[in-house]
Amino acid sequence: MLVYLGITIGSKSLTRAFADKFRRCPPISDLIDYFTTNFTFILGYTWDHIKLVGSAIIIAILIGVPLGIYCSVNRYAASTILQIASIMMTIPSLALFGIMIPVLSLINEGIGTLPAVIALVLYSQLPIIRNTYTAISNVDPDIRDAANGIGLTTFQRLFKVELPNAMPLIMAGIRTATVLNIGVGAIATLIGAGGLGGIIYQGILRTNNTMILAGAISVAILALIADLFLRLIENLFTPKGVKK
Amino acid sequence: MIHFNDVTKVYNGNVKAIENMNFTVEDGELVIMLGPSGCGKTTLLRMVNQLESITDGDIMLNGKSVRHSNKIEMRRNIGYVIQSNGLFPNMNIEDNAMIVPNLLGWDRKKMRDRFNMLMELVGLNPDEYRKRYPHELSGGQQQRVGVARALAADPPVMLMDEPFGALDPIIRTHLQEEFLQIQKELKKTILFVSHDIDEAVKMADKIALLKGGKMMQYAEPARMLNKPSNSFVAEFVGQDRVLKSMSLYTVKDLADALTLKPVLESPDSQNINENLSLRVAISKILNQEADQLIVENDNGTRKGSITLDLIEQFLHREIKESV
């Protein structure tokens, strides 16, 4: 609904020429019509979007969580790594996709899925690394002391004590990164990565408000569902004693 | 046996936390390290299981140098209890208590039996608590589990860092007494850190009083109270040290040392069990509850009576004897 309102208000500031075409917002019935007639079409785009964001998030976790753990044992590296991850976040997504093109053209992958996935992985690093680092650093020092005093090795301490207790915060970081990536992933269509951004982009080209809205709403719904799904996973992986 | 041999700890090249510490904790003894905060007692304790490094000298644990032992293996053979219990929130009580046996690869049946036995020992119902989590337990219950965890693999040596310090006075007294009972049965070699002189007097076989990383006095509680070796010790144990020392003696000790007075039938008399401490006896008299206390043994047989001057006589004798 917010998106619907946003377009209504936002359209006022567009130039006259476009304004005529954009001003009239489509009635809800048009939108419902669009969804029902193009259901399989939207579903296909959604599936592409899930594949793109999903693979990026899995890679991001595999890189980010170990880096976060490393940060928690090496304070000096922590500030450097977090700084770099923060800088990544400040690059506008469109610019980042643009940068990918010449770099990856060297291996003939300038456009398509690969640059999109790389960009999304880079974007996800800050929330994942920062949350993992904070979560492990914040494990009660007495608990860590007890773990050492009892005779756990560093790895046993990490896997039996620190990670399980840090789980809720690490998962929160992964959720933030996922929702963020679903949004940014919509722009990846501009470098030919497909996904729901395609519907929005086509809508803009054809000045078809119904299509723009349909794409935007689909992205929002996907983000909500992903968040819900990750909450379930979080619940599954969080030890009972850590849940408050 | 824990033997401290010229142990020295230096921080940042010049701050001496521990200086030339030499003393021995004999097998089956409970030694309490006492002292003001910053005196190095916790550092010294943590040097035994190598959570703190040793700058100079060595600690021999049952004849083996801790500096040259495998840290992980050694720690698994030392029970470790800390003030905040340090239970792992992500594990249930059984997993928490059985973590060391688990690491040592005990089989399931043996672990279950051990858990049941230990929980009975610390006064918790094993089946009621098995699947519960630390945050569902009260502070006292958590500390009981902490003690059970330290005892799990039946280590000969235990290190306890103010284990009852965070509990309220009633629970603390309760746990101290229960722990003494356990210790009577198990006869572990225990090094214990405390800042509470009353706790030390009540529980320790010997007290090590530290100040600024140096040993002030290492002696049995009675000796420390009756014959402090310097003014710092005298001040630390308190000017009421004679009163404190009374909790070290039972009515029976007095009855064995001196001849009890005959029982006079008088309204101002009360019965007292011979196993109670002299401290209880004297406070009963001072409270004006009774002028004479009739000593009874566990069967209720009267052995005689005690009065204020008899207690005074006994204390004079004890102070002289310990000189």
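One term before we start: two residues are in contact here if their C-beta atoms, placed from the backbone, lie within 7 Å. Also keep in mind that you're looking at a predicted model.

**Stop 1: where the two chains meet**

Color chain A and chain B separately and go to the place where they touch. On one side, 16 residues of chain A take part, and they are in contact with 20 residues of chain B. Sort the chain A side by class and you get seven nonpolar, six polar and three charged residues.

**Stop 2: chain A as a whole**

What does the secondary structure of chain A come to? You'll find 11 helices and zero strands. Going from the N terminus, the elements of chain A read α-α-α-α-α-α-α-α-α-α-α.

Chain A has 244 residues, and buried ones make up 37% of them. Take the contacts in chain A between residues at least 6 apart in sequence: 75% of those join residues at least 24 apart.

Next, select residues 46-230 of chain A. UniProt, in an unreviewed entry, lists this stretch as "domain: ABC transmembrane type-1". Over residues 46-230 the chain is 84% helix and 0% strand.

**Stop 3: two helix pairs in chain A**

Start with residues 75-90 (α5) and 113-137 (α7) of chain A. Their axes come within 7 Å and cross at roughly 145°. The crossing of α5(A) and α7(A) is left-handed.

- From α5(A): A:Ala78, A:Ile81, A:Leu82, A:Ala85, A:Ser86, A:Met88 and A:Met89.
- From α7(A): A:Leu122, A:Tyr123, A:Gln125, A:Leu126, A:Ile129, A:Arg130 and A:Tyr133.

By class, the residues of this contact between α5(A) and α7(A) come to 11 nonpolar, two polar and one charged.

Now move to residues 197-205 (α10) and 209-237 (α11) of chain A. How do these two run relative to each other? They pack at an angle of about 160°, with their axes 7 Å apart. Angles over 145 degrees count as roughly antiparallel, so α10(A) and α11(A) are roughly antiparallel to each other. As for handedness, α10(A) passes α11(A) in a left-handed crossing.

On the α10(A) side, pick out A:Ile199, A:Ile200, A:Gln202, A:Gly203 and A:Ile204. They meet A:Met211, A:Ile212, A:Ala214, A:Gly215, A:Ala216 and A:Ser218 in α11(A). The residues of this contact divide into seven nonpolar, four polar and no charged.

**Stop 4: over to chain B**

Bring chain B back. Chain B has 15 helices and 13 strands, and its C-alpha atoms fill a box of roughly 65 × 50 × 30 Å along the principal axes. Of the 323 residues of chain B, 39% count as buried. Among contacts in chain B with a separation of 6 or more, 65% are between residues 24 or more positions apart.

Select residues 2-237 of chain B: this is where UniProt places "domain: ABC transporter", again from an unreviewed entry. The span is 40% helix and 26% strand, and its end C-alpha atoms lie 25 Å apart.

**Stop 5**

Zoom in on B:Gly213, in the loop between β9 (206-211) and β10 (214-219) of chain B. Is B:Gly213 buried or exposed? The cut-off for buried is 20 or more other C-beta atoms within 10 Å; B:Gly213 has 23, so it is buried. Leaving out residues up to four places away in sequence, B:Gly213 touches B:Lys16, B:Ala17, B:Ile18, B:Glu19, B:Cys39 and B:Gly40.

Then try B:Asp154, in the loop between α7 (139-151) and β7 (157-161) of chain B. Its phi is near 55°, a positive value in a residue other than glycine. B:Asp154 is partly exposed, with 13 other C-beta atoms within 10 Å.

Last stop: B:Glu162, in the loop between β7 and α8 (169-186) of chain B. B:Glu162 also isn't a glycine, yet it has a positive phi of about 40°. With 19 C-beta neighbours inside 10 Å, B:Glu162 counts as partly exposed.

Methods:
Residues are numbered from 1 along each chain as its sequence is written. Chains are lettered from A and ligands numbered from 1 in the order in which they are written. This is a predicted model: local features need pLDDT of at least 70, side-chain atom pairs count only at pLDDT 80 or more; totals for chains, interfaces and linings use all residues. Ala, Val, Leu, Ile, Met, Phe, Trp, Tyr, Cys and Pro count as nonpolar, Asp, Glu, Lys and Arg as charged, and the others, Gly among them, as polar. Axes are lines fitted to C-alpha atoms, for helices over the stretch in contact, and angles run from 0 to 180 degrees between N-to-C directions. Helices (H or I, at least four residues) and strands (E, at least two) are DSSP runs, numbered from the N terminus. Angles under 35 degrees count as roughly parallel, over 145 as roughly antiparallel, 65 to 115 as roughly perpendicular and the rest as oblique. A crossing is left-handed if the near helix is turned anticlockwise from the far one by less than a right angle, and right-handed if clockwise. A residue is buried if 20 or more other C-beta atoms lie within 10 Å of its own, exposed if 12 or fewer, and partly exposed in between; C-beta atoms are placed from the backbone. UniProt positions are given in the numbering used here, feature names are shortened, and annotations may be inferred rather than shown by experiment.
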